[in-house]
Amino acid sequence: MENNNLGYRAPNARALLPIGVFLVLYLGSGLLFEYGLKIEMGFYQTPAIVVFLIALLVACVQNRALNFDAKLKVMANGVADENILTMCLVFLTAGAFSGAISAAGGADSTVYLFLSYMPPQLAVAGLFLIACFVSLSMGTSTGTISALAPFAVSMSQATGFDIVLCIAAVASGAMFGDNLSMISDTTIAAVRTQGCEMKDKFRMNFFIVLPAALIAFILFVVLAWGGAGQVELQSYSIWKVLPYLVVLVGALAGVNVFLILTAGTVLSLIVGVASGAFAWTQIFAVMGSGVTAMYDITVISIIVACIGALVREYGGIQWLIDFVRRRTRTKRGAQLGIAGLVAAVDVATANNTVAIVMTGSVAKDISEEYGVDPRRTASLLDIFASVMQGIIPFGAQLLYASAGAGVSAVKIMPYMFYCYLMAISALIFILFWPQKESGKK
């Protein structure tokens with residue numbers, strides 16, 4: 001393997017094999033069991049963590065130029081990435097909050113308060129809208145899903161709407177802010193790699209994705225209209241709602257996700273004990289139940305980081321970069337190439353921020369060569385990384401939504417309307433919204 005001080009890896013398409021193995025086994029077995037063999041809940045017969053371990057084994061037996069000790073070091077460096085560690089800690093902190101607020105009855109009270117002022121037919125669309133605002137303020141999709149997943153579950157139970165539709169509305173809205181928020185790490189990475197102003201990128205990006213958000217909102221309204229069962233509004237306690245209000249207000253104010261989830265957990269414990277929902281001797285147990293529920297997704301995140309690190313080390317990412325770059329011929333083609341490149345790298349790494357950072361310099365070179373506006377390039381990087389991150393079944397967003405709602409990630413994928421519409425909107429922008437000529441070509 002040819003390496004240099006700049007971290008270059010000789011391109012190698014075979015390095016992408018572990019990702020192919022995962023997709024074939026996970027999606028293939030789910031489709032076979034569910035639709036071929038007609039097994040009830042077929043997608044649940046293949047635990048994602050087992051398939052990830054198989055994919056990791058495939059990655060470990062590849063590339064004989066590295067011994068196993070060297071591969072362990074590569075994997076350790078991948079897991080030590082700041083984004084991976086932060087994500088795992090968010091999962092565990094969110095688990096404590098989810099366990100505490102559910103035990104205290106806060107999620108149920110919040111739902112009934114919400115339904116007191118909003119017709120049940122608009123409940124799912126309301127979840128999407130709330131998630132949009134929360135993610136825009138927090139700048140993190142996983143943090144948004146962490147905060148709203150218990151709310152979505154209770155909403156489904158109260159209204160009779162499919163839990164998959166409810167959690168998909170939350171996850172879709174979470175990707176809105178992940179792509180647009182000025183404090184999102186993906187936005188910061190896109191702007192820094194392209195050398196444009198944050199406010200300029202926001203204006204252009206917002207113009208591109210606004211139609212997608214509006215149509216997604218309408219779709220959630222249409223799908224939910226008339227679908228709710230007879231909702232009997234139960235009494236709610238404003239004190240039990242307080243932890244959620246603190247979390248939502250803090251999120252809108254841009255408070256750090258760890259601080260706001262910790263504050264929500266503490267308040268939930270106080271309210272739960274004070275209201276008699278559980279004894280003070282159970283405070284660690286209720287938090288522990290939530291944290292335990294996050295074990296699978298935390299371990300999966302670590303395994304995915306290991307696979308991504310090995311794929312990069314073996315030259316899989318470099319092959320994708322070279323493949324796209326060789327096929328760029330025109331300004332429109334340059335933009336499509338940038339979109340395809342960051343989307344492909346996101347599939348390979350399962351991390352949209354990492355995908356943007358890894359492709360940012362190449363995207364900048366391509367955009368300068370073909371005279372593409374840096375604002376467009378930054379927007380396309382952020383949009384298409386978020387599109388793929390929101391629909392791949394092994395991405396943190398769908399994995400957490402899956403864990404939080406107790407459903408398969410594959411079941412959620414078809415309802416991620418905002419992500420699909422965002423891609424369509426961006427493609428229309430590339431093909432039919434030309435910019436003024438500049439640059440070499």
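Predicted model: local features only at pLDDT ≥ 70, side-chain atom pairs only at ≥ 80, totals over all residues.
1. Glu368 is partly exposed, at a relative accessible area of 47%. Here buried means under 20% relative accessible area, exposed means over 50%, and partly exposed lies in between, with a 1.4 Å probe and protein chains only. Glu368 forms a salt bridge with Lys364, and their closest N and O atoms are 3.3 Å apart. A salt bridge is taken as a side-chain nitrogen of Lys or Arg within 4 Å of a carboxyl oxygen of Asp or Glu. Lys364 also counts as partly exposed, at 28% relative accessibility.

2. Residues are numbered from 1 along each chain as its sequence is written, and side-chain values use heavy atoms, with hydrogens and water left out.

3. The chain as a whole contains 21 helices and 0 strands. Both are DSSP runs numbered from the N terminus, a helix being H or I over at least four residues and a strand being E over at least two. Of the 441 residues, 56% count as buried. The chain exposes about 18700 Å², and carbon and sulfur atoms supply 65% of that area. Accessible areas come from the Shrake-Rupley method with a 1.4 Å probe; for residues, only the protein chains shown count as cover.

4. Contacts in the chain can also be viewed by sequence separation. Among those between residues at least 6 apart in sequence, 80% join residues at least 24 apart. A contact here means heavy atoms within 4.5 Å.

5. How many salt bridges does a search of the whole structure find? The search finds 4. Besides the pair in point 1, the side chains of Arg203 and Asp200 meet in a salt bridge at 3.0 Å, N to O. Both residues belong to helix α10 (residues 198–224), where they are 3 residues apart, about one turn of the helix. Arg203 is exposed, with a relative accessible area of 52%, whereas Asp200 is partly exposed at 22%.

6. A further salt bridge joins Arg375 and Asp373, with the closest N and O atoms 2.7 Å apart. Arg375 counts as partly exposed at 32% relative accessibility, while Asp373 counts as buried at 18%.

7. Asp162 caps the N-terminal end of α8, a side-chain oxygen lying 3.0 Å from the backbone nitrogen of Val164.

8. Ser141, in helix α7 (residues 141–159), is buried at 2% relative accessibility. Its side chain is joined to that of Asp178 by a polar contact of 2.7 Å. A polar contact is a pair of N or O atoms within 3.5 Å; within protein, one must be able to donate a hydrogen and the other to accept it, and residues adjacent in sequence count only if both atoms are side-chain atoms. Not counting residues up to four places away in sequence, Ser141 touches Ala174, Met175, Asp178 and Gln397.

9. Ser386 has its place in helix α18 (residues 374–391) and is buried, with a relative accessible area of 0%. With neighbours within four places in sequence left aside, its contacts are Met175, Asp178, Asn179, Asn352, Cys419 and Met422.

10. Ala305 lies in helix α14 (residues 295–314) and counts as buried at 10% relative accessibility. Apart from residues up to four places away in sequence, Ala305 touches Gly78, Val79 and Ile84. From Ala305 to Ala350 there are 45 residues in sequence and 8.1 Å in space, C-alpha to C-alpha.

11. The cysteines close this note. With a disulfide defined as a pair of cysteine sulfur atoms within 2.5 Å, the count comes to 0 disulfides. Cys306 is in no disulfide, and the nearest cysteine sulfur, that of Cys60, is 7.8 Å away. Cys306 is buried, with a relative accessible area of 10%, and Cys132 is buried at 6%.
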